[in-house]
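Here is a short report for a first look at this structure. Keep the model open as you read.

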Amino acid sequence: MIENKNIHSLIKKHNENKLSHVFLIETNDKQKALQDITNLIKIINCTENSFIPECTKCNLCHLIDTANLPSLKIIYPDGQAIKKSQMEDLKRDFLNVPYLTKFNIYILNDAEKLNASSANTMLKFIEEPEQNILGFLITNNKENVIHTIKSRCEIIKAFYEKESSYFKNQNILDLALKYLYKIEVEKEQSIVYNKIILEEKLEKEDLLELFQNILTIYLNCINKKEVPEKMNQLIQYSQQELIKRIDLVNRIIERLNYNVNVNLLLDYFVLSLED
Ligand SMILES: [Zn+2]
């Protein structure tokens, strides 16, 4: 999942061939921004066209997860600065034409730690976009990034709420839990239980949030993060079963964005779970 919507929107830009070649990501949470960018790189390169970052099928995603993809370099400052020698190494690595991905990609953490000489070396990639190089610079304050670099970047703001941004609306979460409990824990996977949701006569926005909550619960299971106590049983599902569910919920969310018949969509959800 890509949590930040501005980073998420780059998928669409990529698919339309409108992606810039260097981004400056200004964020209040560098860790989360790095995670979102890594997930973005997986999604746009995944050979299974799996639209979730949890792809476990393709070698490419596996190489990214294990930091072994030759065309992806993640750089951290060496001490107090990003050094000129680090940028020279990167330049040398990127003389190789990428063969597993369309782009050679770098992620530069703490971009405010570029100094005049490392920035100067770096300008070479930035000014030769025809070389199929894609860059993401992460900073907590764009004003501290050296001007020659900043001025050549597309700036993306990626702010994260300190509290988890999931589960904002307690009522919708309660409803999602009640529904999921029936169809997953009590295992009465009957379309009768769709009444629980249909009776609420939810707006599209709320339905979307409901399925986002369900998606988050499945994602937390697969990532071994905390899940609501009632749902503990889901942790025992195999990874394959969880991926099937994540794929399914993603399809539901996608269709909700169009004007689909909600009754039929919920029936489809429950019946697909039964398969
Ligand atoms: Zn993949």
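## Helix α4

Helix α4 spans residues 84-93, and its buried residues are Q86, M87 and L90. Buried means under 20% relative accessible area, exposed over 50%, partly exposed in between (1.4 Å probe, protein chains only). An α-helix has 3.6 residues a turn, so residues three or four places apart point the same way.

The buried residues of α4 pack against β2 (72-75), β3 (104-108) and α5 (116-127). Helices (H or I, at least four residues) and strands (E, at least two) are DSSP runs, numbered from the N terminus.

## Model and numbering

This is a predicted model: local features need pLDDT of at least 70, side-chain atom pairs count only at pLDDT 80 or more, and totals for chains, interfaces and linings use all residues. Residues are numbered from 1 along each chain as its sequence is written, and side-chain values use heavy atoms, with hydrogens and water left out.

## Nonpolar cores

The largest nonpolar core has 41 residues; F211, I214, Y218 and F269 touch the most other members. Such a core is a set of buried Ala, Val, Leu, Ile, Met, Phe, Trp, Tyr and Cys residues joined through side-chain atoms within 4.5 Å. Helix α9 gives the most to this core, with 11 residues. Another core lies apart from it, with 31 residues, including C55 and L63.

## K225

K225 lies in the loop between α9 (204-222) and α10 (239-256). K225 is exposed, with a relative accessible area of 51%.

Terms used: Contact means heavy atoms within 4.5 Å.
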